[in-house]
Number of protein chains: 6
Amino acid sequence: MREVRIERGFTRHAEGSVLVAFGETRVLCTASVENRVPGFLRGKGTGWVTAEYGMLPRATHTRSDREASRGKQGGRTLEIQRLIGRSLRACVDRDALGERTITLDCDVLQADGGTRTAAITGAYVALVDAVRWLQGRGELKRDPIHGAVAAVSAGIHGGLPVLDLDYVEDSGCDTDMNVVMNDGGGFIELQGTAEGHAFRRDELDALLALATKGCGELFAAQQAALAAG
Amino acid sequence: MREVRIERGFTRHAEGSVLVAFGETRVLCTASVENRVPGFLRGKGTGWVTAEYGMLPRATHTRSDREASRGKQGGRTLEIQRLIGRSLRACVDRDALGERTITLDCDVLQADGGTRTAAITGAYVALVDAVRWLQGRGELKRDPIHGAVAAVSAGIHGGLPVLDLDYVEDSGCDTDMNVVMNDGGGFIELQGTAEGHAFRRDELDALLALATKGCGELFAAQQAALAAG
Amino acid sequence: MREVRIERGFTRHAEGSVLVAFGETRVLCTASVENRVPGFLRGKGTGWVTAEYGMLPRATHTRSDREASRGKQGGRTLEIQRLIGRSLRACVDRDALGERTITLDCDVLQADGGTRTAAITGAYVALVDAVRWLQGRGELKRDPIHGAVAAVSAGIHGGLPVLDLDYVEDSGCDTDMNVVMNDGGGFIELQGTAEGHAFRRDELDALLALATKGCGELFAAQQAALAAG
Amino acid sequence: MREVRIERGFTRHAEGSVLVAFGETRVLCTASVENRVPGFLRGKGTGWVTAEYGMLPRATHTRSDREASRGKQGGRTLEIQRLIGRSLRACVDRDALGERTITLDCDVLQADGGTRTAAITGAYVALVDAVRWLQGRGELKRDPIHGAVAAVSAGIHGGLPVLDLDYVEDSGCDTDMNVVMNDGGGFIELQGTAEGHAFRRDELDALLALATKGCGELFAAQQAALAAG
Amino acid sequence: MREVRIERGFTRHAEGSVLVAFGETRVLCTASVENRVPGFLRGKGTGWVTAEYGMLPRATHTRSDREASRGKQGGRTLEIQRLIGRSLRACVDRDALGERTITLDCDVLQADGGTRTAAITGAYVALVDAVRWLQGRGELKRDPIHGAVAAVSAGIHGGLPVLDLDYVEDSGCDTDMNVVMNDGGGFIELQGTAEGHAFRRDELDALLALATKGCGELFAAQQAALAAG
Amino acid sequence: MREVRIERGFTRHAEGSVLVAFGETRVLCTASVENRVPGFLRGKGTGWVTAEYGMLPRATHTRSDREASRGKQGGRTLEIQRLIGRSLRACVDRDALGERTITLDCDVLQADGGTRTAAITGAYVALVDAVRWLQGRGELKRDPIHGAVAAVSAGIHGGLPVLDLDYVEDSGCDTDMNVVMNDGGGFIELQGTAEGHAFRRDELDALLALATKGCGELFAAQQAALAAG
């Protein structure tokens, strides 16, 4: 597993602002609190947690088009931001949050594989900071966060299971799996893809074991970062 | 598992045209052959297989907006069509296909859960028909299809693992998993989601066992349909 | 005139669902009832009837782009759906409908000329079924439908007037006319186009006579289908 | 029929530039010549004639949204510009034009009913001026224009047939018909609409007689204007 | 400075309608009054003045694409309409206007350099006419217009400072400056650009002196036009 | 003037990557080299320099919508990126660059006033780094950079001229001026805006003097940063 760094308070305006690094991958995750909810939740006394994902045009080896300029978000972007939103909602008691929306913006400053897993892991910390900010203002009756959420990738590379793939490993991979877990050992999301070779059940088992171990390290890193403040 | 029906030749213009039903879910899958490839493949002697997915506005219980009229495809649509494309490419030798594109259009006429798994299962049959059409014209030196691809959903509903969820089961589900397999028993895609409750490893094992069994039945249905022609 | 088939109840969720065939042209027409009206009618106690039209990408001889994916509906699509909406409104007493919208979705599964006229003819039957559904629930005080609406094309092909042109005839036509009528013999819409040769008054007369006869057959087919339920 | 004015050379850059007025309706029609054709005609030695239509936001009684700012052209706009394009192509020998495109931009400066018929009538004059400009440079071997094209509306208003409806008449009309003719007495386009009351055959005959007479006056006005230069 | 003409009442529906010409540049400026304000001002008892800018496709030497058809307004268009809006707001007491919006549509019929400065100069006159219209209906307690606003361009061309550049001068210019002033001699907007050569302080001084003189002439022309009505 | 920091090599993939801070405003400027030019320059042996500008959604006090998700860039964004592009082109000999494009992406991580001036100042350093990268590979015959470019804002705040306005000062400002200069003392761009009060000539003079002084400090900071590498 690559070195993980979690830096809280990276920018100053957001209620939570975390720069997370998985090796050379760096993602800025901000949590923004707003006192309104989407239309389908209005008047129901419950909150919402959602995410948006973006990649700076030159976060990658070659420059990619700016989505704002092309006029639409690509399928990959939408897929990832839906994944981040679902993953974080899995640890939030939305009734305890009240009629508020927390938006997690995950913007990749530098990409080297694993941007979605880094984003989920960092967004969790930003989310906790935003909730603490609400608690500090006495706006919540009880803690809406239950447990922690982290994510890591694993893949079969050169016939061997590998944890937390960087860009080079990811490109040469037969199978790529993204695993989102909570700190109770439960699976929140599992996305395995084999564009080249289909993977066997024993390979899947090896990847899940690796990912479980990796998430354990990530929960420790999250806790250490949150304890520091 | 709900009753599966696969009707080939449902429309006449497409090189492959299949109406697939998983219970009350009905998807029209057409395969269109074109003698050109996307820009990134031009001149490389290799082909492409891609998919598009759509839902008729009143395929669902309440009418949903027409994506063409809203001016963009939603995130769910893009996610599903990317999944269908990746899944079908997993059984195609693209060099053997030559510089051709096969586009699989999967349009849901009636939805009752499992539209993406029905689409993949039906699109495979349409793809084979399109390849046979090419073979019938003597345009292929060797068969570009290796093995078969099918997909099924499984979930934990009321504490019990259930195969091939319909809409009611899907809505009340704690965990929803879509599994794409090949007929060699390998996994091509695995997408498990737990927006409510995280799922445990033993639940995952139960779902994978169910899905493996379900895909077995689907491979049989595909073979029966293809033998009929 | 090609063989006309009208199959009611083709899908199960819509309040009216009709598969209409004019020869090899097949259009799925659904009628959806919603208890709201567009902004310009709100609070006026009157209803609305509107239509949307789409063509599956491979309904045609060669695959056409999916409008949802291109991000906009083409001029032809908009023109046709406006025509369908106007035509059906011509037989509806919107005050009797109350503050409800009925949306007629006409999706072409297979195209062989005459998709717009088939769509209007089928949409009328779906509309009647939706009104019957409302009547069955006791929601209407009086019948909002007055008379019937049907449509057919006619053209000058090889110097001779021809009714209900298929794709081959249509492509080779000097003049193409779409005629929408009610069962009282009145004209609702008349759209004649001569991109090649202008048409003379006597040719117009011949086309109108043919179209009147064709619509008579369509009214009979609609009545037979509606009597069957 | 309202007073018709045709002013050539209204702006200076376009190869043809005509301000046409039907009463208070004023439309600026420019014809632009370009030495290229759309992709589907490239290399075939034939030309193209196309049209675009727009309405200034405050051409109307109340301000309407600017289509450029809304991000798309409405269905009515697309329908009208397709009509103008088809109508003008009906008098052009595209082989004689060579691989050139003439684009007719029809922009409504002030609207009072009949904008599309005024646009067609004025665009014809702009088109002739553009062709003369090409002839003046010796770029054409033979005249690509055969005959003239003009258009007028007619309708049943208060039970009586009326020619060239202004906005007030148009709004109160049971039937509205737009007729495009050539100066040989042939019909190029016929678009009759009865959103309220269906129209009978004898009403249609009366409208066609009126329109034929109106187009006669328009051909005279076009010729007078073209003779003046 | 080129000849300036200001023609009021050019079209009839708008509350203010001015055709302004700076030499061969001609812009139609209409002012539309609406009894509502944008969301961010609702309920605050204050009004809004905004502008939109467009160029007819063949206002220029070669035809440019229609922005409505391309589906978005270009950066230049947005920049200019923001400039016009800010400039005109500078002479309006928005509290005195009450909860109304005045929209200034500036559409270029013919371009020969200086379209934005002509638009501002003409829009001021249209704005005054719209305010007089409101006053004529007794809807305003006090005059919301304070002072006048006009704009002119100046540039360094062939080493010499030049006022009110036409297209040829503008294209060959080292420095281009647009100056918006009020009739008290104050600067409202100053936009100087040197894509080729940077300009020195003494050149800037010369341009500002020229522009001040030019705006003086424009204020006189505006007053003369407004006195005429 | 607020503290200025310029950090080179902030990310690793871009040919130039600079994090620039003007007080609490932080902008990431990357320069990307591509061996192709826009269509209008193809085959002319000359290069291109262009810019894109973006703001992370929570760079600001309250979260703003993501432009990629809204589907278009706002007018302010387009205006700023055009300004950055023009400013940087002013110091580049595009013939010496050859048929290459350098794209400057300026993404605001944190905003506190002056984002466009910080962007220009930082983009210059990234541009130099990209040119050095090309020189290091021996791809340039002569240095395409002549002189330096920097930018600063100045305004009248509480009656007094102030340099390098932060957000609070900017919001309370009567006049806001952005000044882009080269290190020869020439002006490249001058944009002064007075939405409230028009500014007098003596105020303009004071602002220009301040801005000239400020740019002097920025040139020194740029040189220091570039000397460090």
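Predicted model: local features only at pLDDT ≥ 70, side-chain atom pairs only at ≥ 80, totals over all residues.

Student: How far apart are the end C-alpha atoms of residues 1–130 of chain A?

Tutor: Residues 1–130 of chain A are 30% helix and 31% strand. According to the unreviewed UniProt entry, the annotation "domain: Exoribonuclease phosphorolytic" covers these residues together with 148–214. The end C-alpha atoms of residues 1–130 lie apart by 28 Å.

Student: As by what kind of axis are chain A and chain F related?

Tutor: Chain A is superposed on chain F by a rotation of 180° with 0.0 Å of shift along the axis, at an RMSD of 0.0 Å. The two copies are therefore related as by a two-fold rotation axis.

Student: Which residue of chain A has the C-alpha nearest that axis?

Tutor: The distance from the axis to this C-alpha is 1.8 Å. The residue is A:Ala68.

Student: Through what surface do the copies in chains A and F meet?

Tutor: Of the interface residues of chain A, 100% are also interface residues in chain F. The copies therefore meet through the same surface.

Student: How many Å separate the nearest C-alpha atoms of chain A and chain D?

Tutor: Chain B and chain E are joined by no contact, and their closest C-alpha atoms lie 11 Å apart. Chain A and chain D do not touch either. Their nearest C-alpha atoms are apart by 11 Å.

Student: Is D:Asp164 buried or exposed?

Tutor: D:Asp164 is placed in the loop between strand E7 (160–163) and helix H5 (167–171) of chain D. Most residues other than glycine have a negative phi. D:Asp164, not a glycine, has a positive phi of about 50°. Its relative accessible area is 1%, so D:Asp164 is buried.

Student: What is the value of phi for F:Asp164?

Tutor: F:Asp164 occupies the loop between strand E7 (160–163) and helix H5 (167–171) of chain F. F:Asp164 is buried, with a relative accessible area of 1%. Its phi is positive, in a residue other than glycine, and is near 55°.

Student: At roughly what angle do the axes of helix H4 and helix H6 of chain C cross?

Tutor: Two packed helices are described by the angle between their axes and the distance between the axes. The axes of H4 (residues 115–136) and H6 (residues 201–228) of chain C come within 10 Å. The crossing is right-handed. The angle is roughly 35°.

Student: How do the residues of the contact of H4(C) with H6(C) divide?

Tutor: H4(C) contributes C:Thr121, C:Tyr124, C:Val125, C:Val128, C:Asp129 and C:Arg132. These meet C:Leu218, C:Gln222 and C:Leu226 in H6(C). The residues of the contact divide into 5 nonpolar, 2 polar and 2 charged.

Student: Which residue of chain A is in contact with F:Thr103?

Tutor: F:Thr103 lies in strand E5 (residues 101–110) of chain F and, at 4% relative accessibility, counts as buried. Leaving aside neighbours within four places in sequence, its contacts in chain F are F:Thr30, F:Ala31, F:Ser32, F:Glu34 and F:Thr50. The contact in chain A is A:Arg63.

Student: How far apart in space are C:Arg2 and C:Arg12, C-alpha to C-alpha?

Tutor: C:Arg2 lies in the segment before strand E1 (4–8) of chain C and, at 16% relative accessibility, counts as buried. Beyond four places in sequence, C:Arg2 touches residues including C:Phe22, C:Glu24, C:Asp112 and C:Asp164. C:Arg2 and C:Arg12 are 10 residues apart in sequence, and their separation in space is 28 Å.

Note on methods
Residues numbered from 1 in each chain as written. Chains lettered and ligands numbered in written order. Heavy atoms only, no water. UniProt positions renumbered as here; feature names shortened; annotations may be inferred. Helix = DSSP H or I, 4+ residues; strand = E, 2+ residues; numbered from the N terminus. Least-squares fit on C-alpha atoms with pLDDT ≥ 70 in both. Contact = heavy atoms within 4.5 Å. Buried < 20%, exposed > 50% of the residue type's maximum accessible area, 1.4 Å probe, protein only. Axes fitted to C-alpha atoms, helices over the stretch in contact; angles between N-to-C directions. Left-handed = near helix turned anticlockwise from the far one by under 90°. Nonpolar A, V, L, I, M, F, W, Y, C, P; charged D, E, K, R; others polar.
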